[in-house]
Every structure is written in structure tokens, then in C-alpha cells.
Amino acid sequence: NVKAARTPSAMYLMVIRVSMALSFHIFNTIWPTSLRNRFQFGPSDHGKFMSFIGLSYALSQGVVAKSVVSYTGNSPSARVRIVSCCCIILGLGRYVAFQTQSLFCVYVTFGFIITALGVINTILTADTSGIAPSNEMGGLYGALEAVESAAGMIGPIVGGSLAYIDPVNAPLLAVVGLYLVIFALVQWGYEKFLLRKLNNIDIVKNGVSGAEHSDKKASTIEKAEKQN
């Protein structure tokens, strides 16, 4: 019984996570076949490609994401811009990777895709900590993992069903469409449902109520005006 998992912030985050997981699994229903048809990929080629993806993801979370999170700091607008940019890269990048006839371009494009994925996952994980008390964090992460696992079961079925309509364009457009939905959700409610909640928890942890925080802010502004 995790109360935090039923809050609007948690529901909002679940929708984003489920949409990302669905797009990933739908894309994977057509991606291996596409590599084989375009570049005659065999087991060795797949092994090299997956090694590249693993290395890129490790670097994105260990190096790039850390720098990006430090850059955004406590600026909600900067955080929203970074997450929105990652959504665009993830959606557009998959479309480009699927359409190009250059294997080099595939590797470069996936370098950007995996970097964006590492950054957005790091930011989402960090911001999840602000929507639940510490004694419910484990349960909240468990609920998020559960819905992502459900998307992992549904995604291939959806991708296979869309392939009956069109073996390439229908699943691919669904992937791009899902990332457009995520982009819209981030623009509309990321600051409202996640970042404001996080800031409120930080204020409480520092022993300052919302009213006291507002009074202190007003007092600071008043002092600055007097000095001028």
C-alpha cells in the first residue's frame, strides 16, 4: 500500500515511463530485421553494435548526465529544456537511424540516442526522489518498475500488430508519436508535477515552511530595494 504511487506526480511520471518503455519495445520489433536487411547484420555485427550501445550508455550516465544535472542545478526551466531536448533526440534519432543507408550514420545517430537516454533516465530517477517520503521510496520505485515491465510485455504485441498495417512505417510512426506525446507532457507538466514538489520537499527538509520561505524571499527583495 504505497500512497505516494497514487499521487498525481507519481501517475504523471508513470505515464512518461510507460510511454518510453512502449516506444523502446515497439521499435525493437522492427529494428533487428532492418539491420539485417540493410547491412546484412550477423551475430558478430550485433555483438559489436550492442557493445557500442553499452559503452555509450555507461559514458552518458557516468560523465554526460552528471555534467548536465550540475548545469541545470535548481533551474526548473533548464531541466525542462534538457528533458525536452532528450525526447526530440530519442524520437527523431530513431527515425533517422531507421531510414539511413549508412552504417556509420547509424552508429553516430545511436551515439546521440543512447546519450540522450542516459541523461533523461538519470534526471527522471533524480526527480523521482522528490515525490515520495523516504519510507515509501522503495515501494514507489517498485511500482514504476512494475508498470515498465507491463509495457515490456505489451510493446512487442503492439509493434507486431502495427506491422500488419505496415511492416515499417506503422511501428516507426508509433515510436515517433509516443515521443511527441512525452515531449508535450514534459512541456505541460514536468515543472508542475515534479520540480515544484521537489522544491517543496527541499524547503521542508531545511526546516522552512512554505509561508516562511515566501516571507524570507519577500524580505530579501525588500532589503535589496532599500539598498538601491
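**Entry 1: the model.** I am working with a predicted model, so I read local features at pLDDT of at least 70.

**Entry 2: helix H2.** I began with H2, which covers residues 31-39. Which of its residues are buried? I found Trp31, Ser34, Leu35, Arg38 and Phe39. Looking down the axis of H2, I saw these buried residues fall within an arc of 100°, so they line one face of the helix. Next I looked up what covers the buried residues of H2, and the cover includes H1, H3 (43-72), H4 and H5.

**Entry 3: H2 against H4.** I then turned to one of those neighbours, H4, which spans residues 76-99. The two helices pack at an angle of about 35°, and their axes are 10 Å apart. Who meets whom here? From H2 come Trp31, Ser34 and Arg38, and from H4 come Ala97, Phe98 and Gln99. Sorted by class, this contact has 3 nonpolar, 2 polar and 1 charged residues.

**Entry 4: salt bridges.** How many salt bridges does the whole structure hold? My search found 2.

In one of them, Glu148 pairs with Arg17, with the closest N and O atoms 3.7 Å apart. Glu148 sits in H6 (residues 137-165) and Arg17 in H1, so the pair ties together parts that are 131 residues apart in sequence. I also checked the accessibility of both: Glu148 is partly exposed at 24%, while Arg17 counts as buried at 11%.

Arg79 and Asp127 also meet through their side chains in a salt bridge, at 3.0 Å from N to O. Arg79 belongs to H4 and Asp127 to H5 (residues 103-128), so this pair links parts that are 48 residues apart in sequence. Buried or exposed? Arg79 is buried, with a relative accessible area of 8%, and Asp127 is buried too, at 0%.

**Entry 5: Ser9.** Last, I looked at Ser9, which lies in H1 (residues 8-28). Ser9 has a relative accessible area of 8%; that is under 20%, so I call it buried. What does its side chain reach? I traced the Ser9 side chain to the backbone oxygen of Phe193, at 2.5 Å.

How values were computed:
Residues numbered from 1 in each chain as written. Predicted model: local features only at pLDDT ≥ 70, side-chain atom pairs only at ≥ 80, totals over all residues. Heavy atoms only, no water. Axes fitted to C-alpha atoms, helices over the stretch in contact; angles between N-to-C directions. Helix = DSSP H or I, 4+ residues; strand = E, 2+ residues; numbered from the N terminus. Contact = heavy atoms within 4.5 Å. Nonpolar A, V, L, I, M, F, W, Y, C, P; charged D, E, K, R; others polar. Buried < 20%, exposed > 50% of the residue type's maximum accessible area, 1.4 Å probe, protein only. Polar contact = N/O pair within 3.5 Å; in protein donor to acceptor, adjacent residues only side chain to side chain. Salt bridge = Lys/Arg side-chain N within 4 Å of Asp/Glu carboxyl O. Arc of directions from axis to C-beta.
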